[in-house]
Amino acid sequence: MSNKILQLKGSFKTDGNHTKPAAPNIPEKGLPVNVEHLRDLKQQLEEILKYWKSETLIGGALISVYYNKIVAKSNRMKGLLAKGNIKPNDSVRGAKFDASGKQHIFTHFVSLDILSESIYRLNECIKILDKDFNGSISHADIKPLNAKNTNYSLGISIFKAVIVDCYYVQKFNIDRESEKTNENTIVTLYKTNVKTTELLNKLGITSIDAALLDETTVRLTPDELDLLRDKAPYLIAMETVDIRKLTLTDINSASDKILTIPDPTTEPVVGVIDTLFDDGVYFHNWVEFKNMLDPNLGVDPSDYRHGTFVTSIIVDGPAFNPQLEDNCGNFRVRHFGVAKNGYFSSFSVLKAIRQIVSQHRDIKVWNLSLGSVLEINNNFISPEGAELDKIQSEYDVIFIVAGTNRPENRKFGMKLGAPADSLNSIVVNSVDFSNKPASYTRVGPVLSFFNKPDVSYYGGDGKQKIRVCSSLGEYFVTGTSFAAPWITRKMAFLIYKLGLSREVAKALIIDSAAKWNRQDNVSHSMGYGIVAKDIKDIVESPSDEIRFILTGVSEAYETYAYNIPVPYYDNKYPFFARATLCYFPTCSRSQGVDYTNTEMDIHFGRLKEDIKGKTHILSLDKNVQGDEGNIAITEESARSFYRKWDNIKHIADTIKKGSRPKSKFNADNWGLSIKTKERLQSKHGAALPFAVVVTLKEMNGINRIGDFIKLCQIRNWLVSEVNIDNLIDVQVKAEEDIDFD
């Protein structure tokens with residue numbers, strides 16, 4: 001017997017951020033700031049100002065700030081590179097890590113006036129340190145300073161801000177790109193006051209309108225790139241080779257097994273973007289194919305294989321892979337051929353994908369099993385990954401992306417290839433049928449931090465391969481290209497047939513894979529784990545588990561519900577608990593390693609009142625970010641333990657034998673709190689949907705779902721079951737054509 005997953009609908013409450021920022025100061029245990037360091041920084045800025053006075057191409061100055069650690073937004077520059085209402089955070093054009101991955105480097109674009117102002121501020125601070133602090137200032141020196149007991153020319157707030165900046169800033173520099181390549185390259189320039197086309201024209205690079213991907217990204221030939229590097233190497237923010245090689249693994253010979261399938265009726269339509277489709281297959285009536293290739297390229301029979309194989313799984317995969325029966329049924333496919341077998345232009349594919357998705361808004365689930373042999377960069381998202389994230393943000397769709405395959409001549413540990421670095425997509429790696437990473441596995445993380453791949457599934461390996469179909473019959477293949485379509489089927493079922501949002505569907509997929517594994521144990525090769533085969537195991541739970549879905553929209557700093565009733569017995573909660581949060585943030589490729597614009601921080605657990613009568617959530621992962629009391633958590637710890645800035649959070653109790661029920665405090669309910677923070681001034685997180693999937697596992701194997709439903713109804717939650725059979729019946733009837741007499 002199993003329990004249905006429940007959907008809880010009720011009103012979340014919202015609240016602003018009441019925590020007051022502490023007065024600017026260097027850390028209490030930090031080393032004092034010495035005047036020699038200020039003099040070094042001042043000299044660096046003077047040299048940079050001199051350079052940009054003679055180099056007038058961009059109408060301002062590009063300057064890189066090297067920090068001495070990974071810095072939180074609150075510890076980034078506030079006193080330098082600032083003037084009046086102009087804040088340093090507004091001028092950030094890129095962010096990366098140093099070679100160790102432990103220090104931030106930010107690139108800013110500022111006016112020469114701001115550079116001059118920063119030099120002036122440093123000079124005044126140098127005078128103050130020499131005069132009043134004997135050339136060195138500490139936390140204890142700064143703490144008592146205020147406007148009443150000082151008479152500094154800068155003003156006390158600016159003085160403090162500059163000193164704190166100097167504590168965290170190691171040096172200033174102008175970074176220049178100088179690496180050579182003989183390939184067409186997709187180049188992103190730093191955003192300045194001059195348009196990209198105008199800049200390149202001034203450098204002698206003309207006729208580039210057709211080569212623009214967006215306002216700062218352009219495809220350049222090797223000669224054009226050499227010219228850019230020679231005349232303005234400081235302009236290059238990111239670059240990646242345009243030509244990608246399709247990563248295919250084993251394809252074995254066909255058999256002549258005959259398969260049939262009824263004609264389609266009202267089944268949902270999935271989008272596939274791949275190589276060409278062979279309409280000689282038995283399921284051709286289920287596929288609407290459009291060739292997007294340049295007619296001048298010519299077509300080879302091999303150009304039809306990969307795309308046809310992928311689509312065969314989405315349409316009818318379990319028919320020829322009965323060991324992977326998922327009970328999702330069949331799907332129609334709208335198949336777009338954008339690439340030939342072997343090498344293809346990433347730039348051309350990117351242009352095609354945006355056009356395809358924008359013109360086919362009825363499709364919500366897209367499969368993309370094309371990938372690059374080249375490894376992703378540690379410091380920026382690939383153009384392909386960024387474009388997928390942008391499309392998903394704009395069009396309310398989701399991409400299922402293959403995790404790419406490792407060539408035989410490369411050792412294990414090879415990083416994923418584009419576009420498997422897309423943050424909002426579900427990236428799928430392969431496992432063999434023994435649930436081990438496939439021999440061709442490539443690994444994450446992305447930008448040295450974000451967990452990718454997301455999940456794993458069966459893509460064939462060794463002698464146990466995946467069956468696929470072509471017009472010549474049945475083939476046996478291996479690769480992440482043939483693991484991803486199985487997850488596409490499940491997402492299509494959840495979104496189309498059950499009517500769930502993409503946030504809920506993704507959370508259910510992640511939760512199915514992660515189970516009780518903690519998020520700090522996520523594998524760089526398998527992601528959160530292997531997704532359940534049967535769709536029923538994703539939308540139903542064992543009888544000793546209560547699984548429910550909460551959805552909301554971030555409309556303030558905190559979105560919360562303190563009235564989630566968890567059944568208790570003998571004044572204790574006999575449950576293990578876990579929660580999975582998913583959301584689709586807007587992302588900024590120009591921000592480099594600080595790629596996601598919005599952070600949602602999840603707190604879920606028991607409620608407890610403190611001695612002042614204030615109610616707090618004792619979160620499952622002991623998360624105290626944003627709690628009152630100015631609790632100090634370093635940026636590194638927040639990212640490592642609480643996945644700060646990641647768009648997936650999965651917190652869970654550790655299941656141990658002999659675990660005792662949790663104490664019930666003076667509050668009867670549990671609470672959920674989502675705290676939303678912005679990285680940029682623009683509020684990208686406003687009205688951003690989120691979904692949380694919660695699982696409660698009864699420690700003694702007792703089914704308490706009935707008690708839970710009653711308690712929810714008492715607390716004004718609207719409770720409904722996610723019932724596969726009922727929802728499918730409703731969906732089918734809704735799509736039936738009605739004849740009016």
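Residues are numbered from 1 along each chain as its sequence is written, and side-chain values use heavy atoms, with hydrogens and water left out. As the model is predicted, local features need pLDDT of at least 70 and side-chain atom pairs count only at pLDDT 80 or more, while totals for chains, interfaces and linings use all residues.

**The sheet.** Pairing takes at least two DSSP bridges between two strands. Strand β9 (residues 185-189) pairs with β11 over five bridges, and Val-187 has Glu-239 in β11 as its bridge partner.

**The cavities.** A cavity is a set of points on a 1 Å grid over the protein atoms alone where a 1.4 Å probe fits but cannot get out; lining residues have an atom within 4 Å of a point. Volume is the space filled by probe spheres set on the points, which are joined across faces, edges and corners. The whole structure has two cavities of 30 Å³ or more.

| Cavity | Volume | Lining by class |
|---|---|---|
| Largest | about 120 Å³ | nine nonpolar, three polar, two charged residues |

Among the 14 residues lining the largest cavity, Phe-344, Val-349, Leu-370, Glu-384 and Pro-419 are the closest to its centre. Helix α8 (a DSSP run of H or I, at least four residues) gives the largest share of that lining, four residues. The second largest cavity's lining includes Arg-76, Asp-594 and Arg-679.

How values were computed
Helix = DSSP H or I, 4+ residues; strand = E, 2+ residues; numbered from the N terminus. 1 Å grid on protein atoms, 1.4 Å probe; cavity = no way out; pocket = protein on both sides within 12 Å on 5 of 7 lines; lining within 4 Å. Nonpolar A, V, L, I, M, F, W, Y, C, P; charged D, E, K, R; others polar.
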